[in-house]
Amino acid sequence: ALSTSLDIGLSNWSFLYVTVSLYTMTKSSAILFILLFSLLFKLEEVRVALLLVVLLIAGGLFMFTYKSTQFNAQGFVLVLCASFLGGIRWTLTQILMQKADLGLQNPIDIMFHLQPLMFLGLFPLFAVFEGLPLSISEKRFHFHEAGMLFSLVGRKLFLGGILAFGLGFSEFLLVSRTSSLTLSIAGIFKEICILFLATHLLGDRLSLLNWLGFAVCLSGISLHVILKAMNSKGEKALKLHKEASSDPDLELLLRHTEHGE
């Protein structure tokens, strides 16, 4: 819960200093931290194909955002710390959700247990850095009457809260069914969409190198999907073989089928 709250808090804080493109480029390094902690906790095995996927995606994202950002050291450090904490966050989340004896496979269950602790983790930072200024400054809210305040809370904050809930639910559901590394790789598509929106809405320009990086990144994602599909088929075949060896009747039936073929 602490790593999750700090990941979200530092990520939001960094937007005071960096552009969307720089944030996206730096936050994509989270996949490297997730791989590191997955290897440390033995959730993933070291494979050449896996390392190739990570290198393709990381290299492609760097090329995709090269020279399209305005660098800021303070914001860069904040996003990098958030990426490091994100690696810890999703690795521990996978351990929690995939332990059957804990009973936290349901995304609603883990959100119910984590979010109160996340609030406690972020509240001290809020109180120190924003609590007093927000309590005494009207300009921070940008309203002069109750109707404007209700509009802000009802439309922007409420809608943002619903979107955040949906994002958290889908992320936890994906981790419970696959892995934290798969979540990170799937999230690259989200980051590419963010960069496209930044290009069209905020006026960012992409060069030929940026588009080449986009193609490299998509190739890494495609390779991961193919490898996952192949591993899934292999695991199903191995499971079927084990079940057949434990059941003599089923094993005899499979042998007859093989001879018939």
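**A buried network of salt bridges**

In this predicted model, Glu171 forms a salt bridge with Arg89 (a side-chain nitrogen of Lys or Arg within 4 Å of a carboxyl oxygen of Asp or Glu), and the closest N and O atoms are 3.9 Å apart. Glu171 lies in helix 7 (residues 146-177) and Arg89 in helix 5, so the pair ties together parts that are 82 residues apart in sequence; helices are DSSP runs of H or I with at least four residues, numbered from the N terminus. Glu171 is buried, with a relative accessible area of 15%, and Arg89 is likewise buried, at 10%; buried denotes under 20% relative accessible area, computed with a 1.4 Å probe on protein chains only.

The search of the whole structure finds three salt bridges. Arg89 also pairs with Asp7, the closest N and O atoms being 3.0 Å apart. Since Asp7 lies in helix 1 and Arg89 in helix 5 (residues 73-97), this pair ties together parts 82 residues apart in sequence. Asp7 forms a further salt bridge with Lys27, at 3.2 Å between the closest N and O atoms. This contact connects helix 1 (residues 2-14) with helix 2 (residues 20-27), parts 20 residues apart in sequence. Asp7 is buried at 2% relative accessible area, and Lys27 is buried at 14%.

Residues are numbered from 1 along each chain as its sequence is written. Local features need pLDDT of at least 70, side-chain atom pairs count only at pLDDT 80 or more, totals for chains, interfaces and linings use all residues, and side-chain values use heavy atoms, with hydrogens and water left out.

Methods: Helix = DSSP H or I, 4+ residues; strand = E, 2+ residues; numbered from the N terminus. Buried < 20%, exposed > 50% of the residue type's maximum accessible area, 1.4 Å probe, protein only.
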